[in-house]
Amino acid sequence: MKVVDYINSSDKTIFSFEIIPPLKGKGIEDICEGIDPLMEFQPPFINVTYHREEYDYKKMGNGLLKKVSVRKRPGTVGICAALMNRYKVDAIPHIICGGFTKEETESALIDLKFLGVDNILALRGDSMKNEDAFIPTEGGNKYALNLIQQIDEMNNGQYLYEETKNSPSNFCIGTAGYPEKHFEAMNLSSDMKNLKKKVDAGAEFIVTQLFYDNQKFFEFVDKCRAMGITVPIIPGLKPITTMRHLSFIPKFFHVNFPEEFSSELEKCKTNEAVKEVGIEWSIKQCKELIEKNVPVIHFYTMGKGKAVKSIAKEIF
Ligand SMILES: Cc1cc2nc3c(=O)[nH]c(=O)nc-3n(C[C@H](O)[C@H](O)[C@H](O)COP(=O)(O)OP(=O)(O)OC[C@H]3O[C@@H](n4cnc5c(N)ncnc54)[C@H](O)[C@@H]3O)c2cc1C
């Protein structure tokens with residue numbers, strides 16, 4: 001079922017979360033360990049992130065280093081199939097532009113169509129670790145907008161290089177939105193114009209980057225509505241659970257902690273203390289978001305479901 005249909009047929013805020021594929025070589029049980037505790041909150045769909053290849057340096061017998069390309073977290077499509085089979089939920093694969101030609105993207109979409117996947121979160125993907133900026137793959141999509149256009153064309157039966165229309169797919173396309181602006185954008189308003197283009201091209205729902213300041217999210221929703229973006233906007237939350245998160249999250253995700261939250265975090269001396277404050281803050285965020293009738297609350301679990309379970313227990 002499509003995300004928009006779940007939203008339209010629910011009279012309360014839906015619980016959902018995303019998982020990341022485990023490191024190469026791990027089994028499905030490693031994934032389920034993180035998911036099982038969250039199933040009591042009845043998520044109708046689970047997102048599965050996509051991770052492109054990385055460059056690594058492998059030591060050779062002669063002592064020299066060889067640059068190798070490794071996909072450290074493969075398996076997004078297979079994991080989606082496993083989740084649909086095991087939990088009878090919809091799985092939402094993230095599909096990215098980076099690392100794929102349009103031809104390869106089309107093949108992946110055809111696999112997903114055969115699997116009965118109804119939703120896709122269409123993203124550009126970040127730059128590779130050794131690159132300063134995102135470099136589009138030759139023959140691939142440059143922006144998420146172009147990927148959305150490709151999926152939309154397939155939804156209309158138009159495949160690459162085909163003269164005639166074929167069996168159309170019926171994917172519900174999601175896209176990413178940034179209440180605190182995407183870090184490469186000149187300003188929030190230019191970023192939002194690009195978001196509007198993605199929606200006009202066929203994106204039917206928006207999932208936001210994680211944030212800790214609800215006010216920023218509410219302002220973002222208001223701005224979207226004012227510029228004619230009418231699709232559901234799903235807030236993304238991630239509880240802070242370790243001392244490391246205090247610098248890693250702002251640096252990696254380009255988000256700010258509100259003053260009230262950062263001053264509580266500054267008092268913490270241990271991971272346990274940070275976790276307690278982080279969970280409390282998320283609970284507070286959720287309560288306020290639900291009061292404002294958000295359609296879904298989407299948690300970034302990053303493979304660790306325990307903190308999300310503590311929050312969901314209070315909320316759902
Ligand atoms: C909910 C969510 C899930 C994510 N999941 C993953 C994942 O699974 N795997 C992964 O690798 N990454 C993931 N990411 C990270 C994401 O790939 C990065 O944030 C990436 O840098 C931007 O992706 P995007 O789809 O927002 O890109 P885009 O929408 O293409 O935007 C990228 C930048 O280009 C600008 N821009 C957009 N369109 C145009 C245009 N037509 N002309 C000029 N400028 C334009 C935008 O303003 C923005 O600054 C996720 C992010 C979010 C919010």
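**Glu33.** I started with Glu33, which I found in helix α2 (residues 28-35); helices here are DSSP runs of H or I with at least four residues, strands are E runs of at least two, and both are numbered from the N terminus. Glu33 is exposed, as its relative accessible area is 60%; buried means under 20%, exposed over 50% and partly exposed in between, with a 1.4 Å probe and protein chains only. I also looked up Gly63, 30 residues apart from Glu33 along the chain, and the two C-alpha atoms are separated by 40 Å.

**Ground rules.** I noted that this is a predicted model, where local features need pLDDT of at least 70 and side-chain atom pairs count only at pLDDT 80 or more, while totals for chains, interfaces and linings use all residues. Residues are numbered from 1 along each chain as its sequence is written, and side-chain values use heavy atoms, with hydrogens and water left out.

**Glu219.** Next I turned to Glu219 in helix α7 (residues 214-226). Its relative accessibility of 38% makes Glu219 partly exposed.

**His298.** Is His298 buried or exposed? At 2% relative accessibility, I put it down as buried. His298 sits in strand β10 (residues 296-300). Leaving aside neighbours within four places in sequence, the contacts of His298 (heavy atoms within 4.5 Å) include Phe17, Asn47, Val207 and Pro235.

**Cores.** I then looked for nonpolar cores, meaning sets of buried Ala, Val, Leu, Ile, Met, Phe, Trp, Tyr and Cys residues joined through side-chain atoms within 4.5 Å. The largest has 63 residues, and Ile19, Ile35 and Phe299 have the most contacts inside it. Not counting residues up to four places away in sequence, Ile35 touches Phe17, Ile19, Ile46, Leu83 and Tyr87. Another core, of 32 residues, lies apart from that one, with Val4, Tyr6, Ile96 and Phe205 among its members.

**Helix pair.** Last, I checked how helix α10 (residues 271-291) packs with helix α11 (residues 306-315): the angle is about 40° and the axes are 10 Å apart. Axes are lines fitted to C-alpha atoms over the stretch in contact, and angles run from 0 to 180 degrees between N-to-C directions. So I wrote α10 down as oblique to α11. Among the residues making the contact are Ile283 and Ile290 of α10, and Ile311 and Glu314 of α11.

Note on methods: Angles under 35 degrees count as roughly parallel, over 145 as roughly antiparallel, 65 to 115 as roughly perpendicular and the rest as oblique.
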